[in-house]
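Subject: Structure handover

Hello,

Here is the structure we discussed. Please open it beside this message.

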Amino acid sequence: MAELAAVIASTHHPFYYRASTSTGADRPPFADEWVAKIERFRETLTRAEPDVLVMVGSDHFHQLWLDNMPQFLVGKAPFFDANFYNEEREFGLPRMTLRGEEDLAAHLLRDGLDRDFDLAFSNELRIDHSITCPIITLRPQADLPIVPVYTNIFAPPLPQPRRFVALGRAIREMVESWESDKRVAVIGTGHLSLELGGPRQFGEHGPDPEFDRRAVEWIASGDVEGCLAEVSLDSLHAPGNATHGFMDFMLMMGVAGEGAKADHVDTLDLFHTMEAYFTWYPNGVPGEVAPA
Amino acid sequence: MSRYLLDKFLYTVDRDPELVERYREDPAGTVAWWEAEMANRILNCTADERSTWLEFTEDERRALREHDHVTLFQMGAHPFLTLTLFIAVFERDHGPLEYQKAYGKAMEHISLPYPDIST
């Protein structure tokens, strides 16, 4: 069976690429610290030596649109082209092409349907910055095949938070039951408190630092039940109007498991939003002998 | 109220570089052309297979014609779509983050709960 080599949850900040590659007067003052944190985060994936990446993200009205909107969708294709004109325009993101892992995608679709997740699928999916940002931060060589999993955190009505957690738990079981000798990392990106297009956007910090503090604690300690007890579709409006992206973090908490303490936790307080990075090693930290 | 159609306008203009420029230079003409030619186009169907029933209210036309992002927000247009398109249209006239901050400042009188954006 396949091995779950690492579980990684991260914010996806579309400005990282430009900030990290800019020089001279264009380079923002926080870029060096940001790059240093990302390089440490990247090392947590590298040392897991993955062969395949399951990438959980959310299309931002790029290919998926309101005339035909899936709640959860798996991409099954040999290749995924990536990034769109308006992401080049606003964020300076590069065009990319990633290979797909169709056998694992087919397994997730079949097994997911049989576990009562009525997953939509796409055989021609152009992926956006919710997936390419973590490729850029965690695996910039973009050399590993992926299985994209898209969630709807964007176009209400949305699935309940508990469904995100349940899908995360199912993804873990499905990866671990995939008949393969591959090492799989599951990487998912979302947001902490975030406001887009509303009065609280682009402030000195994220719109709700107290929510961010509690969210980081829930994730880092694996407090899935505590998080589920406090977070609802209604409550997520309060920290910021785009905070429903936090449900992708909840999905990743489901992958990591109840009570699973993250092996790597880091944050960076930026204008507009807080960055947060988490890595779990379900089978022990690579290279370290498990305690007797 | 047709939040879906407002969103469809923002979405189809934002993804097309030529339409972004048209909307910047001639918002009234672009809105009129779009409603006549594009509003009933089903994006994943051939041009002949159109819808027959989609149209803006006069208030919606006016908000789009006047580049009025505050009214669009209050109408429940998807805030991400409005923000992304308006950054494309107006950011170039401002210093770094100046436009984004002013965009939020213009809405500072709006408090929770925000308008419903479901479609």
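This is a predicted model: local features need pLDDT of at least 70, side-chain atom pairs count only at pLDDT 80 or more; totals for chains, interfaces and linings use all residues.

Residues are numbered from 1 along each chain as its sequence is written, chains are lettered from A and ligands numbered from 1 in the order in which they are written, and side-chain values use heavy atoms, with hydrogens and water left out.

**Interface**

Chain B puts 34 residues into the contact and chain A puts in 25 (contact means heavy atoms within 4.5 Å). About 2,600 Å² is buried between them, with 65% of that from carbon and sulfur atoms. Buried area here is the accessible area (1.4 Å probe) that two parts lose on being put together, summed over both. B:Y11, B:F80 and B:Y114 supply 22% of the area that chain B buries against chain A, more than any other three residues.

Ten residue pairs between the chains are in polar contact, both residues at pLDDT 80 or more. A polar contact is a pair of N or O atoms within 3.5 Å; within protein, one must be able to donate a hydrogen and the other to accept it, and residues adjacent in sequence count only if both atoms are side-chain atoms. On the side of chain B that touches chain A, α1 (3–14), α2 (17–25), α6 (79–90) and α7 (98–105) of chain B each supply at least two residues. Helices are DSSP runs (H or I, at least four residues) and strands likewise (E, at least two), numbered from the N terminus. The largest share, seven residues, comes from α6(B). By class, that side has 20 nonpolar, seven polar and seven charged residues. Ala, Val, Leu, Ile, Met, Phe, Trp, Tyr, Cys and Pro count as nonpolar, Asp, Glu, Lys and Arg as charged, and the others, Gly among them, as polar.

**Salt bridges**

The whole structure has 27 salt bridges over all chains (a side-chain nitrogen of Lys or Arg within 4 Å of a carboxyl oxygen of Asp or Glu). One salt bridge crosses the interface of chain B and chain A. A:R89 pairs with B:D14 in a salt bridge, closest N and O atoms 2.5 Å apart. Within chain A, A:D266 and A:R40 form another at 3.9 Å, N to O. A:D266 is in strand β9 (residues 264–269) and A:R40 in helix α2 (residues 31–46) of chain A, so this pair ties together parts 226 residues apart in sequence.

**Largest pocket**

The largest pocket holds about 730 Å³. On a 1 Å grid over the protein atoms alone, a pocket is an open set of points with protein on both sides within 12 Å along at least five of seven lines; lining residues have an atom within 4 Å of a point. Grid points are joined across faces, edges and corners, and a volume is the space filled by probe spheres set on the points. Of its 39 lining residues, A:F154, A:L196, A:N241, A:A242 and B:H78 are closest to the centre. Here too α6(B) gives the largest share of the lining, five residues. The lining divides into 22 nonpolar, 13 polar and four charged residues.

**Backbone**

The peptide bond from A:P156 to A:P157 is cis, omega near 10 degrees. The bond from B:L112 to B:P113 is cis as well, omega near -5 degrees.

Best wishes

Methods. On a 1 Å grid over the protein atoms alone, a cavity is a set of points where a 1.4 Å probe fits but cannot get out, and a pocket is an open set with protein on both sides within 12 Å along at least five of seven lines; lining residues have an atom within 4 Å of a point.
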